[in-house]
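Subject: Structure handover

Hello,

Please find the structure below. My notes on the ligand site and the salt bridges follow.

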Amino acid sequence: MNTQLSPNDLTGVVEADRAHLWHHLIQHKPFETTDPRIIVEGKGMRVWDQHGKEHLDGVSGGVWTVNVGYGRERIANAVRDQLIQMNYFANSAGSIPGARFAEKLIDKMPGMSRVYYVNSGSEANEKVFKMVRQIAHKRHGGRKHKILYRERDYHGSTLAAMSAGGQYERNAQYGPFAPGFVEVPHCLEYRAQWDTENYGERAADAIEEVILREGPDTVGALCLEPVTAGGGVITPPDGYWPRVQEICQKYDVLLHIDEVVCGLGRTGTWFGYQNYGVEPDFVTMAKGVASGYAAIACVATTEEVFSMFKQEPDDPMDYFRDISTFGGCTAGPAAALENMAIIEEEGLLANTIEMGARLMGNLEALKEKHAVVGDVRGKGLFAGAELVADRATKEPAHEKTVQAVVADCMAQGFVIGATNRSVPGFNNTLCLSPALIATPDDIDALTDAIDAALTRVYP
Ligand SMILES: Cc1ncc(COP(=O)(O)O)c(C=O)c1O
């Protein structure tokens, strides 16, 4: 660790944190007797905590974010230069990095043409919900306003995003939610809901059933993760996406793909949907857009959608009457430009495919070895291992034991994740999303650590 501070110097930091910081998604009672974790430094795939202990980060900053790895000076330099030249102006005006990044981003997204800048994944999704609602008013007398979302998917922490949230443990106690959001069934074949050979098509047909039940003239959009992340790393079964696309076209339902996790490289393509030949109307992205070097999220949409918001220039209510103050920060697109350049120059999409295959192979080997591993799933450097107490019945492993595996890895110096406060009874999937720069040694070290942890926790 290069930090100038000795661990003793951080005692005050730990105490300030304990006294005043409210951490995300965590119970704080234990911090009365144990220290909160402070991450002090990062380089490449590795981070160091307040004790100077090194960890190999298998989840890119905890929540699949730091895709190009830590300590990238060229991103920091680009942001610094940009902030000195021009840090902020409301995005009703443009900026140099804003225009340049939009152009480069659209270049990676055939069929898309416009980019709307905001701060977070939740906010990006909310913007799409507003666009869908306004389109319903413009074209369908307000009637085609319902937004479908899928069981087990997550679209963010704000109230409208939670209204589209398919994870009961994230939502419970925070209602009532916004009206007009309707759930469709998940598509996880390991937890099959239909006995059929064409599972993908059947799971997609379930969406059509919901549209018909609700009335096609009331359904405006369908919002899906390309690969469900926090709901269990659910890769779509074969045949799912083509049928979903067909259904959306049949009922004039706009397709909104939430790429907040998969966006920019995670699955080995720029976006997750590009693995499945889907043509979305909206794509939202956040975490991997600038790898956490600056807060930036985007909505990308088609020219067809965009043009609906400039049809009646004399009508003051015609355009998208929305603003995101920090959507005008230039640090985000400045960082995003460098982030994208790094992915291209270092061949990180190809590395993601290669290392992803290695990761899946290693996880399959763990499944052979440990009865507790019921299913392994993934795409690129985005993988999950679902743990079960009984392979035959598929009874989920108890959450406490799953957390014990995560804690054991942490003690060994490896950060891995697990589904957390997600679907009741199903917080049982280990999650891996190493940075796209991972080497074969990194991948093997991560899965070796999980192997050792599984052996200890489930002897
Ligand atoms: C698929 C997905 N969508 C949206 C979000 C919300 O993003 P944010 O936390 O930036 O608001 C997340 C966050 O984990 C996510 O996983």
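A polar contact here is a pair of N or O atoms within 3.5 Å; within protein, one must be able to donate a hydrogen and the other to accept it, and residues adjacent in sequence count only if both atoms are side-chain atoms. This is a predicted model, in which local features need pLDDT of at least 70, side-chain atom pairs count only at pLDDT 80 or more, and totals for chains, interfaces and linings use all residues. Residues are numbered from 1 along each chain as its sequence is written, and side-chain values use heavy atoms, with hydrogens and water left out.

Ligand site

A nitrogen atom of the ligand lies 3.4 Å from a polar backbone atom of Tyr 154. The ligand taken alone exposes 390 Å², of which the protein buries 81% (Shrake-Rupley method, 1.4 Å probe). An oxygen atom of the ligand is 2.5 Å from a side-chain N or O atom of Ser 122, and a backbone N or O atom of Gly 121 is 2.8 Å from a ligand oxygen.

Salt bridges

The count is 32 salt bridges (a side-chain nitrogen of Lys or Arg within 4 Å of a carboxyl oxygen of Asp or Glu). One of them joins Glu 214 and Lys 146, with the closest N and O atoms 2.7 Å apart. Glu 214 is in helix 8 (residues 199-214) and Lys 146 in strand 5 (residues 146-150), so this pair ties together parts 68 residues apart in sequence (helices, H or I, of at least four residues and strands, E, of at least two are DSSP runs, numbered from the N terminus). A network of salt bridges links Asp 205, Glu 208, Arg 243, Glu 246 and Lys 250.

Regards
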